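Please view the model below first.

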Amino acid sequence: MDRIFAFVKIIVESKIFKGFILFLIVSSAVLIGLETYPGIEAKYSDILHFLDKLIIVCFVIEIGLKMVAEGRKPWNYFRDPWNLFDFLVVAVCLVPLGDTHYFAVLRIMRVLRILRMVTFLPRLRLIIGALLKSIPSMGYVILLIIILFFVYAVMGVFVFRTSDPTHFGDLHHAMVTLFQVFTLEGWTDIMNIQIYGSASKDGLQIISFWPFLYFASFILIAAVIIMNLFIGIIMNSMEESQKELALELQEIVEKDNTEEQYSRLLNRIDELRDEILLLKKMKK
């Protein structure tokens, strides 16, 4: 039985097996993409559905093989978060797509299968892991942004409410306006209303110059400094994830070397046993 477990583990960890599963994931994404074209779906509906079911069956077999590869403890498969993610994605695909109220939702969730590609590409796993690790630190940056938005929104309402009630009539409208300024989309038109009294500056004179300081300081702090904080946090998390990935790879290499040495030792013992038997025969 142990030989079977070991053989299955060799298959699961082989590059050919991983490449085949990656090919199935990409094929699954292509099939889902083809289903978005009404003409193709109507003409090749049966073929697309057959291939889709075949891919799901292959995914189920893959999970089964990985569980068998764990030996007498198949539940160890679920200790890896990525394996658990794969299992949940495949489980969603197995939900019957009957004529129910959740038909559209379940059909849309099938596209999650493309996310399984993350588990097969180490570099992609590194990026996702870095993003997940940076969430706690990002929370403080997001809190800083909220405080900044609130302060500037209150200032904007008190100062610009009379001249521009559409954008700064109350707090929540001012927050939405500042978000538009934060994305750098049309922020000059909003600023021109305060500086020139109109969104267009053609033929108009400057009424007030200090609104420029208001918008420029907000963009400088929010869109430049804080966004650089985001980038810095993500880069730091990526470095940490890369170090962890390097340690994992080192452990795998050391494990492979140990297994290789153990295999060589067993082969050498078998050779010595054969030599001893041969010597005994020669003595007789």
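## Packing of α4 and α5

Residues I56, F59, V60, I63, K66 and M67 of α4 meet N83, D86, F87, V90, C93 and L94 of α5, where a contact means heavy atoms within 4.5 Å. The axes of helix α4 (residues 45-69) and α5 lie 10 Å apart, and the two helices pack at about 145 degrees. Axes are lines fitted to C-alpha atoms, for helices over the stretch in contact, and angles run from 0 to 180 degrees between N-to-C directions. The α4 and α5 crossing is left-handed, a term for a near helix turned anticlockwise from the far one by less than a right angle.

Helix α5 (residues 81-94) has 14 residues, which at 1.5 Å a residue should span 20 Å, and its end C-alpha atoms are 20 Å apart, so the two agree. The expected span is 1.5 Å times one less than the number of residues. W82, N83, D86, V89, V90, V92 and C93 are the buried residues of α5; buried means under 20% relative accessible area, with a 1.4 Å probe and protein chains only.

## Model and overall figures

This is a predicted model in which local features need pLDDT of at least 70 and side-chain atom pairs count only at pLDDT 80 or more, while totals for chains, interfaces and linings use all residues. Residues are numbered from 1 along each chain as its sequence is written, and side-chain values use heavy atoms, with hydrogens and water left out.

The chain has 11 helices and zero strands; helices (H or I, at least four residues) and strands (E, at least two) are DSSP runs, numbered from the N terminus. Of its 284 residues, 29% are buried. Among contacts between residues at least 6 apart in sequence, 62% join residues at least 24 apart. The accessible surface, from the Shrake-Rupley method with a 1.4 Å probe, is about 19400 Å², and carbon and sulfur atoms account for 69% of that surface.

## Aromatic rings

The whole structure holds 15 aromatic pairs, meaning rings of Phe, Tyr and Trp (its six-membered ring) with centres within 6.5 Å; planes under 30 degrees apart count as stacked, over 60 as edge-to-face and the rest as tilted. F160 and F215 are stacked because their ring centres are 6.0 Å apart and their planes are at 10 degrees. This pair links F160 in helix α7 (residues 122-160) with F215 in helix α11 (residues 210-283), 55 residues apart.

F160 is buried at 2% relative accessibility, and F215 is buried at 0%. F215 also forms an edge-to-face pair with Y214, at 5.0 Å centre to centre and 90 degrees between the planes. Y214 is buried too. One aromatic cluster includes F160, Y214 and F215, with F149, Y152 and W210 also among its members.

Technical notes
Buried means under 20% relative accessible area, exposed over 50%, partly exposed in between (1.4 Å probe, protein chains only).
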